[in-house]
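Please look over the sequence and the structure shown here.

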Amino acid sequence: MKQFAAFCGTAVAVLLVLFFCVTAVSAFAPAFSGDSGTAFGTSSSMGAASVATGSAVGSDESADAAVKVAASDTQKSDAFWRRIDKIKNILFFTIKQAFFSTVVALIIGLPAAFFVACRKFPGRRFLASLSSVSLCIPPLLIALGYVIFFGMNGVFNRTVMALTGAKEPPFTFLYSFAGIIIAHGFYNFPIIMRTVSDTWRNLPEDEYNAAVLSGASKFRIFRTVTLFQLAPSIAGGSVIVFLYSFFSFVIVLLFGQAGGSTMEVEVYQAAKNTLDFKYAGQLALTETTAASLFVVGYVLLGKKGRRTHAGVSSLPPVRVHGAAEYALLAVIGGAILLFLVLPLAAIVFTGAGELIKLFSQRSFSTALLNTVATSLGSASLCVVTAFFFACVARRADPYGKSVVFRIVPLLPMAVSSIVIGFGLTNVMRRFHIAGTPVMLVITQAALTWPLAFQQVRGAMERIPMTVTDVASLLSPSRLDVIFRVQLPQTRRALFSAFAFCAAISAGDSNLPLILGIPRFETLSLYTYRLAGAYRFAAACGSGTVLIISSMVLFAFSDKLAGRHGAETRMVRGFVRSFVRGGVRGADKARKVWRSKHMGR
Amino acid sequence: MFFTADNLHMDWESVSIDFSGSVDSGRMLVIVGHSGSGKSTVLKMMAGLLPPGKNARITLDGTDITKIPAGKRHIGMVFQSPALFSHMRIIDNAAYSLAAAGMRRKERYEKASEWLARFGLDGFEKRWPDSLSGGEAQRVSLVRTLIAEPRLVLFDEPFSALDAPLRKKLSEELRQWQKQLGFAGIVVTHDIEEARALGDEITVMKGGRQVWSGLPADFKESLLV
């Protein structure tokens with residue numbers, strides 16, 4: 001029985017990876033076919049040949065035909081270059097908005113990290129608790145909160161108009177580039193805050209004290225010592241925020257204007273609205289290649305990153321002091337309140353009155369049940385397969401050195417949910433099948449898999465090798481070790497990962513939207529449709545249920561994960577993966593250099 | 001007395017720490033005690049890294065330095081871990097205080113190279129901290145402290161992380177360097193042999209209080225029990 005379970009678990013893990021690869025490839029495949037849309041680059045040489053043939057025979061008709069073909073080729077060539085230009089512009093805009101979103105997240109996240117890690121003040125715990133927002137609250141709700149709060153008829157504009165007597169809404173930044181980067185920046189700054197404050201809190205006290213006693217000013221110490229110690233965390237957090245913003249969908253879909261669309265939105269529009277699958281495939285391929293290049297580029301650049309020593313003891317936080325610190329805290333706190341807390345609060349306040357009405361509607365109850373079923377299904381699939389794959393990885397690569405076991409599980413990180421969804425719709429189209437809830441469950445499991453795997457592998461790595469060795473010596477079979485030692489010792493991580501993946505799946509609106517499963521709605525899709533129909537109060541009510549359920553799941557996950565919450569481990573896991581790549585590269589380069597120059 | 005620290009006081013966890021002591025120029029005071037006796041906390045209060053208590057008074061060469069910030073006291077400190085800046089090469093680590101004082105790069109590199117050579121570390125300038133052995137790293141840490149020419153150097157169990165033969169060797173070297181450079185020193189240790197080897201005077205701390213002070217010749221192990 002145990003053998004069967006282990007075999008099934010591992011087999012499903014492999015199938016999940018295969019499924020992911022197949023759907024990713026099928027998303028890119030239309031780029032190389034003449035499936036639909038403008039088929040270009042096919043026969044310009046043939047056209048030229050026809051012209052040459054026509055001239056040789058001297059026939060007027062054939063010469064006319066050749067000229068027409070040549071003109072058609074020229075048009076196709078023009079279309080080709082226009083499309084290249086278009087993709088280039090979209091890619092440029094996507095990178096630009098992701099870059100500036102990361103800058104906004106850094107501007108808010110770094111001071112917030114300083115205050116959380118090094119200072120005591122009223123509200124510190126609340127600020128620290130915001131760290132789970134980016135993973136716990138779906139981006140759809142951030143977008144909805146911004147519409148409710150900063151929209152033309154939003155709470156903020158109405159309040160300002162009432163106070164100043166203005167006749168026009170004074171704040172119109174929402175549906176612009178500024179709206180996108182502010183929403184992204186404030187939604188994602190908690191990632192920077194959490195990763196950097198964790199490192200900042202644990203910086204070695206002795207190095208700081210040595211710098212103080214050397215007579216360096218506080219600013220000099222920050223510039224020459226602290227900043228370098230924090231650099232790997234800042235870079236790791238920035239890469240994650242950049243990728244999140246690069247792959248952002250709902251926020252750009254709602255706030256982007258003409259000429260302000262990202263790759264992700266364009267893939268969706270081409271796949272669902274204009275049905276230009278070739279174009280969608282080209283966009284998906286370009287987007288995934290660019291995202292992969294950013295990650296690889298970061299790892300290569302990270303060779304310059306240096307390892308920071310784990311602090312034996314660290315400086316305890318002290319009270320905020322000095323006018324500059326108070327002013328900075330007030331500005332940062334005010335900005336977070338205005339651009340993150342109040343928009344989310346606006347959803348709850350607007351939606352609270354709608355809850356009773358919503359629960360009496362059959363469509364809402366069905367969407368809620370569908371959400372529970374799909375999120376539990378995908379979380380179960382995810383965690384079971386992650387566990388067995390982690391067991392295999394632990395046995396095959398006990399010291400975490402294998403690139404395959406380290407990189408392959410992270411592959412889904414480089415591909416967005418829209419691209420995977422598009423790939424799956426291609427497969428469905430080819431085999432003439434409609435989307436089903438089971439497909440949604442499998443796809444969500446494939447996408448949230450790296451999160452579960454990171455957490456389970458972390459727990460597996462914390463089991464001392466001696467414990468596993470002793471168990472192996474005392475157990476009749478390898479499976480006995482898995483079920484009697486590894487499973488019980490990782491069960492908290494498994495439950496935690498389960499709750500985490502369930503929350504992510506419940507909040508995901510991208511996949512249900514692109515798969516377009518007939519007569520099937522999840523809560524996030526239901527919320528999206530209500531917002532799209534301008535039924536904002538009902539959308540807020542539905543969003544409130546989503547926020548509460550996500551927060552409950554996250555709190556559960558966080559509690560199970562122990563002192564460091566689940567989301568911390570996730571973020572840390574990713575940062576560590578990125579940083580390790582850099583530090584390893586640096587170590588290797590240094591060893592080679594040392595052996596050449598010092599004979600060591 | 002060249003350096004005095006009177007009425008240092010701190011309530012730290014369940015222990016109340018009180019200390020008064022002094023050391024003359026060119027001499028070495030050793031504070032001996034078990035873990036948790038408060039000796040490292042006393043050292044940090046002397047250095048200005050922790051508040052010394054309301055009634056404390058710390059003087060250096062007759063000047064009251066109680067309220068002077070740590071970086072302006074002309075006191076150096078060597079920690080249990082070398083605490084080298086891992087993102088800087090050895091030369092930059094050694095020259096850190098010179099850069100903080102505004103010395104030009106060429107001059108500070110020349111001076112740092114001289115000091116490194118003096119401590120047997122010539123050729124180490126371009127290397128990174130994680131390529132050094134424990135003893136080498138602690139030497140660099142010493143260079144980084146002494147290059148600023150502090151008038152008093154505090155040593156917080158500087159050799160405790162090293163193996164016994166290396167600890168003995170470095171203790172002997174430290175005495176020689178102290179004689180050569182003439183700085184006053186206060187060493188914190190829990191190693192009785194090290195205390196005898198380094199100290200001109202010894203103070204024993206237990207449970208946050210000084211229980212004995214005297215010469216190394218009169219120091220007995222039973223005082224620590």
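## Where the two chains meet

The contact between chain A and chain B takes 21 residues from chain A and 23 residues from chain B; two residues are in contact if their C-beta atoms, placed from the backbone, lie within 7 Å. On the side of chain A that touches chain B, two or more residues are given by each of helix H9 (205–213), helix H10 (218–246) and helix H26 (566–597) of chain A. Helices (H or I, at least four residues) and strands (E, at least two) are DSSP runs, numbered from the N terminus. H9(A) gives the most to this side, with 7 residues. The residues of the side of chain A that touches chain B divide into 9 nonpolar, 5 polar and 7 charged. In this count Ala, Val, Leu, Ile, Met, Phe, Trp, Tyr, Cys and Pro are nonpolar, Asp, Glu, Lys and Arg are charged, and the others, Gly among them, are polar.

This is a predicted model, in which local features need pLDDT of at least 70 and side-chain atom pairs count only at pLDDT 80 or more, while totals for chains, interfaces and linings use all residues. Residues are numbered from 1 along each chain as its sequence is written, and chains are lettered from A and ligands numbered from 1 in the order in which they are written.

## Domains of chain A

Chain A is divided into domain 1 (1–34 + 353–562) and domain 2 (91–350); domain bounds come from an automatic or database domain assignment. Between them, 35 residues of domain 1 of chain A are in contact with 32 residues of domain 2 of chain A. On the domain 1 side, at least two residues each are supplied by helix H1 (2–28), helix H18 (417–430), H22, helix H23 (510–515), helix H24 (523–532) and helix H25 (536–560) of chain A. H25(A) provides the largest share of that side, 11 residues. By class, the side of domain 1 of chain A that touches domain 2 of chain A has 22 nonpolar, 12 polar and 1 charged residues.

How do the axes of H16(A) and H22(A) cross? The axes of helix H16 (residues 362–396) and helix H22 (residues 491–507) of chain A come within 8 Å and cross at roughly 140 degrees. Axes are lines fitted to C-alpha atoms, for helices over the stretch in contact, and angles run from 0 to 180 degrees between N-to-C directions. That angle makes H16(A) oblique to H22(A). Angles under 35 degrees count as roughly parallel, over 145 as roughly antiparallel, 65 to 115 as roughly perpendicular and the rest as oblique. H16(A) passes H22(A) in a right-handed crossing; a crossing is left-handed if the near helix is turned anticlockwise from the far one by less than a right angle, and right-handed if clockwise. Residues making the contact include A:Ser375 and A:Cys382 of H16(A) and A:Phe498 and A:Cys501 of H22(A). The residues of this contact divide into 12 nonpolar, 5 polar and no charged.

Helix H12 (residues 263–273) of chain A and H18(A) have axes that come within 9 Å and cross at roughly 20 degrees. H12(A) and H18(A) are therefore roughly parallel to each other, and their crossing is left-handed. The contact is made by A:Glu264, A:Val267, A:Tyr268 and A:Ala271 of H12(A) and A:Ile418, A:Val419, A:Phe422 and A:Thr425 of H18(A). By class, these residues divide into 6 nonpolar, 1 polar and 1 charged.

## Domains and sheets of chain B

Chain B is divided into domain 1 (3–84 + 150–224) and domain 2 (86–131). The C-alpha centres of these domains of chain B lie 26 Å apart.

An open sheet of 6 strands in chain B has the order S6-S7-S8-S3-S9-S10, with mixed pairing; two strands pair if DSSP finds at least two bridges between them. Strand S6 (75–78) and strand S10 (209–214) of chain B are the edge strands, and each pairs on one side only. The twist averages 20 degrees from one strand to the next. S6(B) and strand S7 (residues 152–156) of chain B pair in the parallel sense over 4 bridges. Helix H5 (residues 134–146) of chain B lies across S6 and S7 of chain B, running at about 175 degrees to S6(B).
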